[in-house]
Each structure stands twice: as C-alpha cells, then as structure tokens.
Amino acid sequence: MAFKARLHEYFHTEYQPGEKKLVRKIDFFILTFCCLSYFTNYLDRSNLNNAYVSGMKEELGFVGNQLNQIQSAFTAGYVVGQIPANLSLHFVRPRIFFPSCMIVWAGLTMVTASVHNPQSIAAIRFFQGIAEATTFVGTHYILGSWYTERELGKRSGIFTASGLAGTLIGGYIQSGIQTTLHQKHGLSGWRWLFIIDGLITIPVAIYGFVFFPDTPARTKAFYLTESEKALAVSRVPPVEDRTPWSWRFFRRTATSKFFWGFMILWIIAGETESFGTNALLSLYMKSHPTYKYNVVQLNNYPTGVPAAGIVSTLFWATLTDFLNGKRYLVGYFIGITGIVTSALILGASHYEDPAVATPIVFGAYYWAGAVYACQATFFAWANDALRYEEHMFRAIVLAGMNLGSNVINAWWSIVFYGASMAPWFTRGMWAMIAVSIALVFWTGGLSYFTARHQKMRKEELNIETHQVQGKEDLA
C-alpha cells in the first residue's frame, strides 16, 4: 500500500493554480531548445570519431595518437571557456548567449570539411571547444533556475539523453552519407558529414533567439503572462543574489566543501565515461585482429553504446526523482558497472581466439554505456544541494565540476585510451577499475555531507520565514 501511495503521489503532483500550465510552457520552450541544442552539440562532437573510421584517417594521414591529441585540443578549448562562459550568463541574456555560441560552433563544424591535415582539425576543435563550453553546465544552471527539486531529475535526464541521441544518430547519418553523398562534387563522405551537421545546428539557434526565456527573474518571454512570471520566481527558494566580482565571493568558493566535493565527484565520474567518450568500441572494431568491418558497420554497431546510455539515463533520472532525490545511488551502480565491464574486457583479451571474445567485448561496451546516467543525476544532485545558495555560487560550482573533469580528461585519454592502444586498451581497463572504486567511496562521503547540510539549510530558511511572518503580523 505504501508503494502504491508513493506511485500515486509521484504521478499526481499537486500544483498551485496555474502552475501546471506554466510547467507545460517551460517544458515546451526551455526543455525543447535545451534538448535540441545539446543534440546538435553532441552531433558536432561525435562526428570526429565517425569521420575517423569512415576514411578521414587514411585521407589525412593520421598516425599514432593524433586522434586523441585533437580531442585534447577540443578539451583544452572547453576548459579555457568554461568559467568565463558561465560567468557571462550573469551579464549577457542566455537567450542571446546560447544561440550565438551555437552559430559559432556550427560554422566551425562546417569549416572542418575543408581541412587537409590533422593539425588544422586540432586548431578548429580548440576554438569549437571554447564555443561549446557553456552548453552543458549553462543549461543545467538554467534548468535549476526554472524547475523544482521534484521536477529537475527527469528534465536533466531528458536533456542528457538528447545529447546521447546526437551521438547515436550521428553514426546513422554518416552511414547514410557514405552510401549517397560519398564523392558527390568531389567531396568524401566524411567531409559531407561536417557540412550537414553544421547546417542542422543553425535552425535550432534561430529558435533559441526567438523563444528562449532567460531566467525567471529576468525573463521577457512574450508567451508568459505577468502572473506566470511571478509564479516562476516563487517556485524556487529565495536566495541573496550578490555580485560575483568580489574577493569574498571567490575566497568563499575556493574554500567551499561543495565546490571541491562536487568537482572531485565529477572528475572521477567523468572518467568512468571514458569507454564511450573515446569511442573505444569503434577503435576496437577498426583494429580487430580477426574481422574487417566496413564503413557502415563501423558507424552503426557502436550506436548501441549511447542507446544504452539513453535508457540508463532516463531510468535513473526518473527513479531518483521517485526516491525523493537519492541521486547518490547512481554512483554505486556506475562503480559496479565500471569494475565488471573492465574485468570482462581484460579477460577477453587473453582468449586464444579473438573471434570467440568478440561477443563478450561488444556486450561489455554496450553495458558500459549505462554509466552515462551520471551526467544527469550528478548535476541534478549538485543543483538540489545548492538550491538554497546564491545563484552565481551555484553556477560556479556547476562550471567547476565540468572544468575539473575536462582538465583531467585533456591528458587522461592520451595516457590510457590512445588510439594506438587498440584493440584491448589494457592500461585503460585498469584505470577504469581504479576510478570506479574511487567513485563508490567518494559518493558515500559526499552523500552524507550534502544530506546533513540540506537539512540544516532548510531549518534555517524555515526560521527566517517565520521571523519575517512574525514581523509582518506585528506590523
């Protein structure tokens, strides 16, 4: 009976008058744009791996770990742009800033079709990383500004799943291009991929210029009434919104347990995604000791990895909402997944017949795709924990999470997952086991700290609210 009551409560949320209509509107205008933006973002990112296995490697003369070096150049740009881009949201309206960045990265994606060597791609990807720096963290900041704690997990999950959908669909786009546009007007299929992916991005940016509503306190969206704007502001806890440009603010941030706790959490968790982000299944297939896969297979078979990520993300985002925000559970699941899948691939590498090991390796990589669930749930966890803190502190913590992860990832992929290490990536498998164990322990400690702090802040807020009401009654 208790479980049925929880299900009924979860699927029949009580709203204030007009609140359900407001949620539907922000779902349609905010969530739609954020998801389409992240979809095109990952479409433009993943096309490098798709192009690499579709002829770009041979045509441009890639050698050694140049693919990983290009990915590191992108990560370096992403790191450089991270804090400035997210601080800019405090001064430039997101309705202008987000779509403008999209136009820039769409142009850079299309320019990639004209390159003649790996070094040119590295330069382009560096600036593309700067342009894309605010997309993930900035969107989580916006979602945390509009949605309540109970609504946030599902929306974060849908947002993250849209990026994985970009990775998934990107493989099929390249397969289709390879069979229909390869050598059209003298351009290789992988060059057409960059052109088409860039063109897909531009209409989404135009949509954002027109319909994205900024934050509740600053919105001028024509489709929201004045009462709906006031209701949107009232749905999130009132916090003091001080300017970030002070020594006190930066000192507080640099010494905050929240900042370091969540940044280290995402540094560890970000590396548990290494199997997917470094396209290890594609590289395994490209270097398979027995089978020779064609271009269509090289693009289509690895799409099972983001497909598993989409299912896992939506499942865990929904479940942790249902369990009143127990986001930390995902950390334990990911830790187990990382250990087991790495052990399976390590074991398969010792098979005398590589063909026999192939189904085990495919299964392990597909299962490993489930770790993508940590993106939505861990950033929702940070949003939940910082709900009672000032907005710019929350923005800096979210940016710090992504910044710290990408600083490590800039060299991690070269050291542990270099393309020259295919097909088995033995060093990377042991690294995955290590970070998976570390994640389990860090998740346990952080969950204890955040639960205790949230309880204290809620009590403080209730006391402040009662004091204000008491003064108003006396007046």
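My entries on this structure follow.

**Ground rules.** I am working with a predicted model, where local features need pLDDT of at least 70, side-chain atom pairs count only at pLDDT 80 or more, and totals for chains, interfaces and linings use all residues. Residues are numbered from 1 along each chain as its sequence is written, and side-chain values use heavy atoms, with hydrogens and water left out.

**Leu22.** I found Leu22 in helix α2, residues 19-60. Helices here are DSSP runs of H or I with at least four residues, numbered from the N terminus. Is Leu22 buried or exposed? Leu22 counts as buried because its relative accessibility is 0%. The cut-offs are under 20% relative accessible area for buried, over 50% for exposed and partly exposed in between, with a 1.4 Å probe and protein chains only.

Next I looked up its contacts (heavy atoms within 4.5 Å). Beyond neighbours within four places in sequence, Leu22 touches Leu224, Glu228, Leu231, Ala232 and Arg235. Leu22 and Glu228 are 206 residues apart in sequence, yet their C-alpha atoms are 6.4 Å apart.

**The core.** I then turned to the largest nonpolar core, which has 132 residues. Such a core is a set of buried Ala, Val, Leu, Ile, Met, Phe, Trp, Tyr and Cys residues joined through side-chain atoms within 4.5 Å. Residues with the most contacts inside this core include Met56, Phe275 and Tyr417. Which element gives the most to this core? I noted α2, with 18 residues.

Leaving out neighbours within four places in sequence, its contacts include Leu280, Ile345, Tyr365, Tyr417 and Met432.

**Tyr366.** I placed Tyr366 in helix α17, residues 354-368. Tyr366 is partly exposed because its relative accessible area is 27%. From Tyr366 to Phe275 I count 91 residues in sequence and 9.6 Å in space, C-alpha to C-alpha.

Setting aside neighbours within four places in sequence, Tyr366 is in contact with Leu281, Tyr301, Gly304, Val305 and Ala308. What does the side chain of Tyr366 reach at 2.7 Å? I wrote down the backbone oxygen of Tyr301.

Conventions: Helix = DSSP H or I, 4+ residues; strand = E, 2+ residues; numbered from the N terminus. Polar contact = N/O pair within 3.5 Å; in protein donor to acceptor, adjacent residues only side chain to side chain.
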